[in-house]
Amino acid sequence: MLLAALALLAQPAVADPVAPVPLFRDPVHDGAADPSIVHDPQRGEWVMFYTNRRADLKLADPRDVRWVHGTAIGVARSGDGAHWRYSGTAAIPESCTGATLWAPEVQRFGDTWHMWITVVPGVFADWNAPRFLVHLTSRDLERWDCGERLDLGSDRVIDASVAALPGGGYRLWFNDERANKAIKYADSPDLKRWTVRGAVTDTPGEGPKAFRWRGRWWLISDAWKGLLVQRSDDGEHWAAQPGHLLGEPGTRPTDRAKAQHPDVIVSGERAWLVYFVHQSGESEAAKDPAWGRRSVLQIAELHEEDGLISVDRTAPVALRLHK
């Protein structure tokens with residue numbers, strides 16, 4: 001028995017798998033964007049929900065944006081966080097949502113899963129349409145039930161990020177397009193009634209992602225020229241990091257454009273950024289002007305030093321996510 005135990009200890013550790021580049025590509029419309037990733041303890045897998053843009057839609061007018069409307073929420077699953085398989089689209093009821101679904105935010109509080117989703121009530125050729133947030137709940141990450149439409153004082157609200165507060169209650173960060181695309185926040189005692197408290201930055205942006213890591217609050221948002229990083233010791237007062245993350249195109253195939261609308265996975269002391277990248281920098285775009293509408297998901301590890309976050313998007317990412 002002792003010899004067998006020693007033999008097991010002497011065996012080399014299994015290396016973490018290296019994530020492919022891209023991390024994930026939607027096999028239906030080739031327009032994966034706006035990811036939200038959680039761990040499913042019932043099946044022991046990681047689940048990714050994402051906006052399933054119709055990037056392959058043929059349109060005569062390049063200004064026509066129906067390809068980002070009429071969108072479902074795609075689902076992918078992974079056992080390790082490195083390799084993902086397509087798993088269809090989320091079963092979201094039409095009765096409380098609409099024809100266009102964007103930017104899922106999925107969190108588990110207690111024994112219930114919650115999703116906040118941006119809804120556009122129709123398919124439009126331009127950006128002039130109302131949009132709002134709807135709350136859904138689920139017991140199994142498979143079937144979703146209608147909750148309430150959030151009243152946040154605006155008819156043009158998108159991109160939720162939700163976290164439990166250490167002192168109780170919950171906070172929602174979102175984009176108010178009527179307020180110069182400000183990132184605002186609201187608080188709730190019960191995930192149903194929300195009170196808007198103000199804005200966290202004067203810099204316009206969208207796709208905020210709030211998370212706690214290494215003893216601080218962090219907020220990363222899409223500023224359309226890379227990702228704006230803010231940090232806070234108390235979740236109330238924020239300091240912006242100079243510059244933008246991943247604003248310059250990468251060099252790897254499929255990663256040759258700025259990063260947009262990310263999610264962050266925290267696993268112990270380590271954290272990973274999952275972001276989407278348009279394919280406008282690829283060779284196919286030279287022959288097909290519509291190729292740039294296509295988008296893929298990439299992953300990079302976050303590094304923090306002295307309160308500043310950095311990312312090397314060219315470095316191979318070896319990971320095996322644990323919950």
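Helices (H or I, at least four residues) and strands (E, at least two) are taken here as DSSP runs, numbered from the N terminus. The structure is a predicted model, in which local features need pLDDT of at least 70 and side-chain atom pairs count only at pLDDT 80 or more, while totals for chains, interfaces and linings use all residues. Residues are numbered from 1 along each chain as its sequence is written, and side-chain values use heavy atoms, with hydrogens and water left out.

On this basis the protein comprises two helices and 20 strands. Its radius of gyration (taken over C-alpha atoms) is 20 Å, close to the 20 Å given for 323 residues by the globule rule, so the protein is as compact as a globular protein of that length; the rule itself is 2.2 Å times the number of residues to the power 0.38. Along the principal axes, the C-alpha atoms fill a box of roughly 70 × 55 × 40 Å. Of the 323 residues, 56% count as buried, where buried means under 20% relative accessible area, exposed over 50%, and partly exposed in between (1.4 Å probe, protein chains only). Among contacts (heavy atoms within 4.5 Å) with a separation of 6 or more, 52% are accounted for by residues 24 or more positions apart.

The loop between H1 and E1 contains Pro-22, and the peptide bond leading from Val-21 to Pro-22 is cis, with omega near 5°. Asp-30 is found in the loop between helix H1 (2–10) and strand E1 (32–40), and its phi is near 60°, a positive value in a residue other than glycine. Asp-30 counts as buried because its relative accessibility is 9%. When residues up to four places away in sequence are not counted, Asp-30 touches Arg-25, Ala-55, Arg-294 and Ser-295. With one of these, Arg-294, the side chain of Asp-30 forms a side-chain polar contact of 2.9 Å; a polar contact is a pair of N or O atoms within 3.5 Å, of which, within protein, one must be able to donate a hydrogen and the other to accept it, and residues adjacent in sequence count only if both atoms are side-chain atoms.

A positive phi, of about 25°, is also found at His-261, although this residue is not a glycine. His-261 is placed in strand E17 (residues 260–267) and is buried, because its relative accessible area is 9%.

Arg-178 is situated in the loop between strand E10 (170–176) and strand E11 (182–188) and, with a relative accessible area of 53%, is exposed. Leaving aside residues up to four places away in sequence, Arg-178 touches Ser-154, Asp-155 and Arg-156, and a polar contact of 2.8 Å links the side chains of Arg-178 and Asp-155. Between Arg-178 and Phe-276, which are 98 residues apart in sequence, the C-alpha to C-alpha distance is 25 Å.
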